[in-house]
Amino acid sequence: MRKVLLPTIIFVATILLVLRLFYLQVIDDTLKLKSDNNAIKIAYDYPERGYIYDRNGKLLVANQPSYDIMVIPKDVKDLDTTEFCSLLKITKEDFLKKIAKAKVYSPRLPSVFLSQLNKKEYAAFQEIQRKFVGFYIQKRSLRDYQVAFGANVFGFITQVNDKIIQKNKYYNSGDLIGRQGVEESYEDFLRGIKGVKYIQKDKYNRDIGSYKEGRFDTIAVQGSDINLSIDAELQKYGEELMINKRGGIVAIEPKTGEILALVTAPSYDPAILVGRQRSKNYTTLYKDSIAKPLYDRGLLAEYPPGSPFKILTGLIGLQEKVIDEQTTFMCNHGFSYARGRFMKCHGSGPHQLHNGIYNSCNAYFGNVYMRIINKYLKPESAVNIWSNHVKSFGLGQFMGYDLPTGKKGKVPTGKTYNRMYPGWHWDSKTIVSNAIGQGEVLMTPVQLANMMAAVANRGYYYTPHIIKKIKGHVIDKKFTTKHVTTINKKYFESMISGLFDVYNLGTAHGLNVEGIDICGKTGTAENFTKVDGKRVQLKDHSIFVAFAPKDNPKIAIAILVENGGFGATIAGPIASLMIEKYIKHKITRKDLETRILAKDLQPEYNRFIAKPIKDTLINIKVSMQEKVKVTVKDTSEIKKRTTLKP
């Protein structure tokens with residue numbers, strides 16, 4: 001048996017090897033395609049990216065044709081560089097750098113020599129292209145913005161780099177990819193699928209037709225169109241209101257979690273990042289380290305939430321049963337919470353939950369917070385319980401929304417204070433500033449808006465998201481999953497009653513909109529910076545959160561205006577105007593609109609800018625025909641003109 005086994009194994013293995021070789025060489029042409037690649041040219045057919053629409057079907061982003069000059073370095077022969085450079089308006093030094101870069105990528109594969117020619121440049125080159133052996137035109141599509149707003153929402157298109165090419169085999173040198181905004185988040189849907197054509201070449205390197213009669217060719221598939229949850233008119237209006245200001249506006253539809261507006265200020269016209277000047281314009285934006293137009297304050301900026309955080313302090317107090325609606329604390333323009341420690345307040349007299357919230361009484365909420373912490377034997381355990389309540393509103397964590405950038409904010413735990421006060425007995429008196437949003441808590445505007453959506457819904461929220469529909473696809477189910485807070489539904493009505501009277505009796509009195517029941521909360525957050533190494537207090541940030549209508553709410557909103565002062569001064573009017581714009585589709589509070597549009601905070605922002613930087617302030621015309629000041633660090637940038645909207 002052993003004598004037969006070994007020859008049998010050898011015979012079977014030989015038969016299998018012969019069959020495999022026959023299959024690869026005779027039946028399967030793909031190996032031959034790879035081995036013949038020196039005699040085959042691969043040509044790509046780039047599809048149009050998917051169009052972008054708003055929630056109401058308004059077209060926001062379309063496409064326009066673009067032309068790249070591609071080069072295959074090994075094929076470049078007998079080139080008149082003087083004529084070539086003159087035609088394309090580049091220097092010989094630029095030419096040599098681009099050729100060298102192409103050779104580094106690959107002497108045999110095509111790469112982009114000069115990108116994004118306009119129609120006139122393309123026509124001039126195509127007319128004498130035959131003279132420039134080794135160069136050819138690759139048609140692509142660039143974005144064609146139908147609006148001059150929403151740059152932070154859309155993102156932009158740029159060429160892939162070597163790192164991306166190595167990581168994702170779909171991309172080749174010169175391919176375009178979405179960066180930031182929905183262009184990045186939904187790149188896989190928007191980009192479509194490239195078509196591929198294999199072209200046979202003869203021994204003289206001339207094209208002689210499709211390889212194998214096009215058997216391996218594929219057709220380009222256009223990218224999927226998407227509808228954003230953004231309301232275009234509301235987004236535009238929000239950006240107009242924030243001209244000459246810095247900060248963010250985030251509006252959410254409570255019943256779905258759909259983001260209605262995502263405003264960051266300053267912003268810029270998205271069209272400036274299209275075309276041959278894209279790189280220069282991007283550099284100008286990037287170098288502006290003062291106004292930071294590329295910094296999405298709605299998603300990235302972490303601020304102390306200030307008085308809006310009192311909403312959670314009250315709700316947690318009710319849930320923990322350390323207070324009820326009738327619990328009363330006395331305010332004497334504040335309260336003394338420890339020997340030599342006094343928390344100031346603008347109010348006075350007895351306060352319960354209702355008037356405590358609409359008067360924004362620090363003394364009331366300071367006492368509530370201390371009761372929450374003092375309920376438990378160990379302050380560390382108490383803070384952890386409090387922290388879990390806060391986090392159930394989506395705070396202190398990445399929220400899982402569908403935009404590629406963001407910050408977690410901060411919600412402290414018992415460990416936080418053990419690290420801050422090692423070997424020291426800390427307690428509720430040590431951390432009482434958390435009660436009024438001035439402690440270790442940090443929140444982004446989108447988190448503030450989501451918090452208000454949860455309050456508007458009486459205890460639940462959906463993950464905020466900016467996608468509404470993807471043609472031919474279903475959106476991620478995580479955006480339709482309800483998240484329930486740790487606060488019992490029955491406790492929200494008394495809080496909402498107080499928030500409603502913020503507009504009628506309290507700190508936002510005078511910001512009402514006829515016919516709309518608005519619930520809101522004013523806030524200010526202390527603002528410090530360092531000047532010459534010293535800590536200097538600047539004008540407070542203006543904060544306002546709201547939702548409307550009171551019953552069956554359609555919009556929840558958060559506004560933060562840097563250095564804006566009291567919450568009802570700038571952020572509050574913006575909230576009222578945005579709510580009226582969305583619900584009524586018109587503005588009746590023209591007095592508020594006129595005041596906010598005219599408000600210019602640039603002088604406030606410029607107060608502590610170093611003189612060498614101040615000297616480089618330049619006037620630039622924004623897309624809305626407003627003259628604004630934009631800071632740049634490098635005086636060489638003064639000659640560059642970029643459409644910005646501070």
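1. Helices here are DSSP runs of H or I with at least four residues, strands are runs of E with at least two, and both are numbered from the N terminus.

2. Some ground rules before going on. The model is predicted, so to speak of local features needs pLDDT of at least 70, side-chain atom pairs count only at pLDDT 80 or more, and totals for chains, interfaces and linings use all residues. Numbering runs from 1 along each chain as its sequence is written, and side-chain values use heavy atoms, with hydrogens and water left out.

3. Back to H20, which is mostly covered, with 11 of its 14 residues buried. Buried means under 20% relative accessible area, exposed over 50% and partly exposed in between, with a 1.4 Å probe and protein chains only. Among the buried residues are Pro573, Leu577, Glu580 and Tyr582. Just after the helix, histidine 585 takes a positive phi of about 60°.

4. Now the sheet. It is open, with 5 strands in the order E12-E11-E21-E20-E19 and antiparallel pairing; two strands pair if DSSP finds at least two bridges between them. Strands E12 (258-265) and E19 (519-531) form the edges, each pairing on one side only. On average, neighbouring strands are turned by 10° against each other, direction ignored.

5. E19 pairs with strand E20 (residues 534-548) in the antiparallel sense over 12 bridges. Alanine 525 has histidine 541 in E20 as its bridge partner, and valine 531 stands opposite lysine 534. The hairpin of E19 and E20 has 2 residues between the strands, and aspartate 532 takes a positive phi near 55° there.

6. E20 also pairs with E21, again antiparallel, over 7 bridges. Here isoleucine 543 has leucine 560 as its partner in E21. This hairpin has 6 residues between its strands, and asparagine 552 in the turn shows a positive phi of about 50°.

7. Which strands of the sheet does helix H20 touch? H20 (residues 571-584) packs on the sheet against E11, E12, E20 and E21, and its direction makes about 150° with that of E21. Axes are lines fitted to C-alpha atoms, for helices over the stretch in contact (heavy atoms within 4.5 Å). Angles run from 0 to 180 degrees between N-to-C directions.

8. Finally, the cysteines. The structure holds 0 disulfides, a disulfide being a pair of cysteine sulfur atoms within 2.5 Å. The sulfur of cysteine 331 is 3.8 Å from the closest cysteine sulfur, in cysteine 361, so the two are too far apart for a bond. Cysteine 331 is buried, with a relative accessible area of 1%.
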